[in-house]
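Here is my note on the model that you asked me to look over. Please read the points with the structure open beside you.

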Amino acid sequence: MSSPTRSRGTLLSAWLRLRSISGRSLYVLAGLAVAAVVLALVVKDKFYLHVLIMMMFYAAASSAWNIVGGFAGQLSLGHAAFFGIGAYTSTLLFIDLGVSPWIGMLIGGALATLVAGAIGYPSFRLRGPFFTLVTIAFAEVLRILTLYAHDLTKGSIGISVPFRPALGNFIFRQISAYVYVALAFLVIMVLLSLWIEYSRLGYYLAALREDEDAAQALGVDTARYKLVAVLVSAFFTALAGTFYAQYIFYIEPFAIFSLDFSVLLAMMAIIGGLGTVWGPVAGAFLVVPLQETLQAKLGGELQGLHLVVYGTVLIVVVILLPQGIVPSLAGWGKRAFGQREARPAPSLKGNP
Amino acid sequence: MILQAENLTKAFGGLAALKEVSFGIEEGEILGLIGPNGAGKTTLFNVISGFFRPDQGRVVFAGEPVSHLKAPSLCRSGLVRTFQVVKPFGNLTALQNVMVGSFLRTADPGLARERAQEVMELVGLSGCRDKAAKSLTISDRKRLEVARALATRPRLLLLDEVMAGLNPTELVQMLEILKRIRERGVTLLVIEHIMAAIMTISERILVLHHGEKIAQGAPKEVAGDKRVIDAYLGEEYLLA
């Protein structure tokens, strides 16, 4: 059979095609960007700006997690490992060697990618829960190593990032500047997710998530594609680590390499819609304001009350929208307006 | 010869699922594979298509020894199988299922979609393009299984009971689809229990029993073979 090959599209034609596939998503993204910029200009209250930054930060980080956890369906509960590698690498390079965190961020990303390869290469050859277990173990091991390597990392004392505001230092006097950086990160993550969903990579990840044998029978080297997913995911999660360090100005092993953080990234994607472009964003935009306001309003009252309310809300959401916010809303819209949905979203039970 | 199997042997624990099975497939023919349940038909498929490694013997595909290759590489070189228990990507649409197949030969999503639609037309699935695969009827799932495999542009297609569970009308349609696939130059190795179907469509038939090849030849010869009648067809078949 003949197999005509088409000339490679230019960046422009790729953009036009992306638009034709996901026009609605690009409008949503543009609207979101405008809203964030307007808020950054108008809002003066630091608490609300902080909530806005955290919403976009978690949306971006959870989108990074979603590449391997959602699109490829390989549950990681150790993304704190990649996050911490990013935070510690750029911070140590900045403090000890004076390297700009913008550059340190890329080096941290590269390191996290290497570690992801070391985790993914052996565990993706096996089936079952090995990948999940290895990710958890790796994050724990990195935390303990960070504690022991006291001379380098100051152990449990943690590291404070010196406040030297400059664009090149990735440190800003105006908190609103962090809104723009977080927004840029989120826009990149959404565009990347859209591209993955539309491209061969996205189809192959969906295929291996749904049925690994069938994917292999159709020529998909499943171990290789899972590995690609975790490498990309780890790289961008490490970038989130650098952002965190530059925004919070303090890192220490228990906060950075925490299982809670890994679970939070997964939970946001699951609540919002696993393996969908907008799921992690919807999840983060629900969970972060909830968490922050509850903590601010109820944190001083009965101890742990905010956690009880938080947990209750999450349980209600999961019961009402078992497939996640985005797929459920899309389903309602479809039934109400008779629209065709481009890509049915996977449920949590996607992998039998 | 597009495919040659030489002395294929495969055991699971003490149970020999295949015992020194040898046969060849000519380019462009339809070879039927029959035998009672547990005869080793699906095991033979698994060995040929790279899901199992044979304990002994080898498989030569298009002149190259391929027993060491895994399924994805075999698929790329043109040897593709379907599954007896169909394995649709349930949460993807039918079209997206077939696109996974056509992505093997192109990275361009537009082209993959075009080619997938063409294949869906061929197997009569055009009406189900945007339905989730898990909501398809069993007949359409069987067609989807064939369409997906066909979209990878195989030279040799291994079909594992794609006619089981179909009603008589659907069966006739599926036979028509197989003929059309063959007309496109694809060689077929077909496992089937429905005798009327396999006897009409195959040029030659191979019979397995307890992991051994007990007969091979034109449908008429095989149907008259004493061992085949004893092992599989039964006396009634001759009378019918």
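**Notes on the model**

1. Confidence in chain A. Chain A has a mean pLDDT of 87, and 89% of its residues reach 70 or more, where pLDDT is the predictor's confidence in each residue, from 0 to 100. This is a predicted model, in which local features need pLDDT of at least 70 and side-chain atom pairs count only at pLDDT 80 or more, while totals for chains, interfaces and linings use all residues. Residues are numbered from 1 along each chain as its sequence is written, and chains are lettered from A and ligands numbered from 1 in the order in which they are written.

2. Among the elements of chain A, confidence is lowest in helix α15 (residues 325-337), with a mean of 78, and highest in helix α10 (residues 222-248), at 97; helices (H or I, at least four residues) and strands (E, at least two) are DSSP runs, numbered from the N terminus. Over residues 1-8 of chain A the pLDDT is below 50, and this stretch has four contacts in the model beyond near neighbours in sequence, two residues being in contact if their C-beta atoms, placed from the backbone, lie within 7 Å. Residues 347-352 of chain A also have pLDDT under 50, and for them the model has ten contacts beyond four places in sequence. Where pLDDT is low, the predicted coordinates should not be read in detail.

3. Confidence in chain B and in the complex. In chain B the average pLDDT is 91, and 98% of the residues score at least 70. For the complex, the predictor gives an ipTM of 0.91 and a pTM of 0.89.

4. The contact between the chains. Chain A brings 27 residues to this contact and chain B brings 30 residues. On the side of chain A that touches chain B, α8 (200-210) and α9 (212-217) of chain A each supply at least two residues, and the largest share, six residues, comes from α8(A). By class, that side of chain A has 13 nonpolar, six polar and eight charged residues; here Ala, Val, Leu, Ile, Met, Phe, Trp, Tyr, Cys and Pro count as nonpolar, Asp, Glu, Lys and Arg as charged, and the others, Gly among them, as polar.

5. Two helix pairs in chain A. The axes of helix α2 (residues 46-71) of chain A and helix α12 (residues 259-272) of chain A come within 8 Å and cross at roughly 80°, which makes α2(A) roughly perpendicular to α12(A). The axes are lines fitted to C-alpha atoms, for helices over the stretch in contact, and angles run from 0 to 180 degrees between N-to-C directions; angles under 35 degrees count as roughly parallel, over 145 as roughly antiparallel, 65 to 115 as roughly perpendicular and the rest as oblique. Among the residues that meet are Tyr58(A) and Trp65(A) in α2(A) and Leu265(A) and Met268(A) in α12(A), and the contact has seven nonpolar, four polar and no charged residues. Helix α3 (residues 80-97) of chain A and helix α4 (residues 101-123) of chain A pack at an angle of about 140°, with their axes 8 Å apart.

6. A helix pair in chain B. Helix α4 (residues 109-123) of chain B and helix α5 (residues 138-150) of chain B have axes 9 Å apart and pack at an angle of about 140°, and α4(B) and α5(B) are therefore oblique to each other. Their contact is made by residues including Val119(B) and Met120(B) of α4(B) and Arg143(B) and Val146(B) of α5(B), and the residues of this contact divide into six nonpolar, no polar and one charged.

7. Domains of chain B. The domain assignment, which is automatic or from a database, gives domain 1 (1-78 + 154-170 + 188-240) and domain 2 (87-153) of chain B. Nine residues of domain 1 of chain B are in contact with ten residues of domain 2 of chain B.
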